[in-house]
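Here are my notes on this one, jotted down in the order I went through it. Have the viewer open while you read.

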Amino acid sequence: MAGSIKVCLDLADMIRKENLESREKIPTSDTHLRVWSSQLARTEEDIRKLLTSLRDSHYIFIVSIVSPDPNLFVYGEDAYVFAEPFILNELKKHSEESLEKLYEASNYKRKSAFQITRELFPKIKEFNNTPLGRSINLSVMLEEFQRMLTAQSYEYTDQWRRNKLQEIYKDEVLVAEELANSANFRETDPTKRAIDQLKDQAPKEKIDSNWVKAKENFSTEFLLRVHFRKYEFDIVKKLIQSGKLKEEKDIKYVRDTIQLMECRMEQDNLLKRYANEMIELRRYAQAKLNMIRQGVGSKQ
């Protein structure tokens, strides 16, 4: 089973894609929980928890478009919106157009979305669990979300979101670090026998089971960030040398990340101590990329 962080990011991408590409534009709990549960191999209850984590880490907004009413056997219904200015603007336009059409169909007269929400939102309970009520709730909350994004823009950056998501799943992050370190223990173990080292260098080398387990639970990019955060540039180089990192996109990520870190050395005195290791890793990654692109393959 994939790790919660990876599944959260996959789920966020699904919501973003729905907002941008689907005809309905906005996925809801009533129509999409079962779909996501099937696609991500998680229970609907697990999906709800993941959605809450995405909301708390500011990847998405959740709109309560139908309030639960036990007396009328009405279950609550939520809608999901990716927290991105362009998407919010497009969905706001779409929701206002839908609201104006619904109002005209019900009342046989035209009004702007602003006039409709000002008139009907104070008595929104009367429209609960109706198409008009859903549309009013959505339109009002999208406007509120736009204000939130403007007022707290820093909390909706990729870096802030990722840090918050890692904080929410900090127990899993610690496990990932342990797995990543354990996966490379044999690479740095001075007691390893010469015959074992020769086996490791064979063309079809046996990938360490702990590394495989770590990759099943977390993305390669995430595991690399763990190593970079701990300044373990030598371990990343050994991952490439041993064939654990061999995809072009992964090696390109290593090279690009090192280039970015080199630009930040003036602001990080500790990073300066690893300047030689960073340069060596960047050059090695670039050489490996050149080999891959020239069709030489992954052999050393």
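1. Contacts to begin with: a contact here means heavy atoms within 4.5 Å. Among contacts in the protein chain between residues at least 6 apart in sequence, 65% join residues at least 24 apart.

2. Some housekeeping. This is a predicted model, so to speak of local features we need pLDDT of at least 70, side-chain atom pairs count only at pLDDT 80 or more, and totals for chains, interfaces and linings use all residues. Numbering starts from 1 along each chain as its sequence is written, and side-chain values use heavy atoms, with hydrogens and water left out.

3. Overall make-up: the protein chain has 16 helices and 2 strands (DSSP runs numbered from the N terminus, H or I of at least four residues for helices, E of at least two for strands). Of its 300 residues, 40% are buried, where buried means under 20% relative accessible area, exposed over 50%, and partly exposed in between, with a 1.4 Å probe and protein chains only.

4. The strands: strand 1 (residues 60-66) is mostly covered, with 5 of its 7 residues buried. Strand 1 runs antiparallel to strand 2 (residues 77-82), and 6 bridges join them; pairing takes at least two DSSP bridges. Across the pair, valine 63 stands opposite alanine 79.

5. Aromatics: the whole structure gives 7 aromatic pairs. Rings of Phe, Tyr and Trp (its six-membered ring) pair if their centres lie within 6.5 Å; planes under 30 degrees apart count as stacked, over 60 as edge-to-face and the rest as tilted. Phenylalanine 61 and phenylalanine 145 are stacked, because their ring centres are 4.0 Å apart and their planes at 5°. Phenylalanine 61 lies in strand 1 and phenylalanine 145 in helix 6 (residues 131-151), so this pair ties together parts 84 residues apart in sequence. Both phenylalanine 61 and phenylalanine 145 are buried.

6. Which other ring does phenylalanine 61 pair with? With tyrosine 156: the centres are 5.7 Å apart and the planes at 40°, so the pair is tilted. Tyrosine 156 sits in the loop between helix 6 and helix 7 (158-168), so the pair ties strand 1 to a part 95 residues away in sequence. Tyrosine 156 counts as buried because its relative accessibility is 8%.

7. Elsewhere, Phe228, Tyr231, Phe233 and Tyr274 form one aromatic cluster.

8. Charges over rings (NZ of Lys or CZ of Arg within 6 Å of the ring centre and within 35 degrees of the ring normal): arginine 16 lies over the face of phenylalanine 82, 5.8 Å from the ring centre. Arginine 161 has its charged end over the ring of tyrosine 59, at 5.4 Å from the centre.
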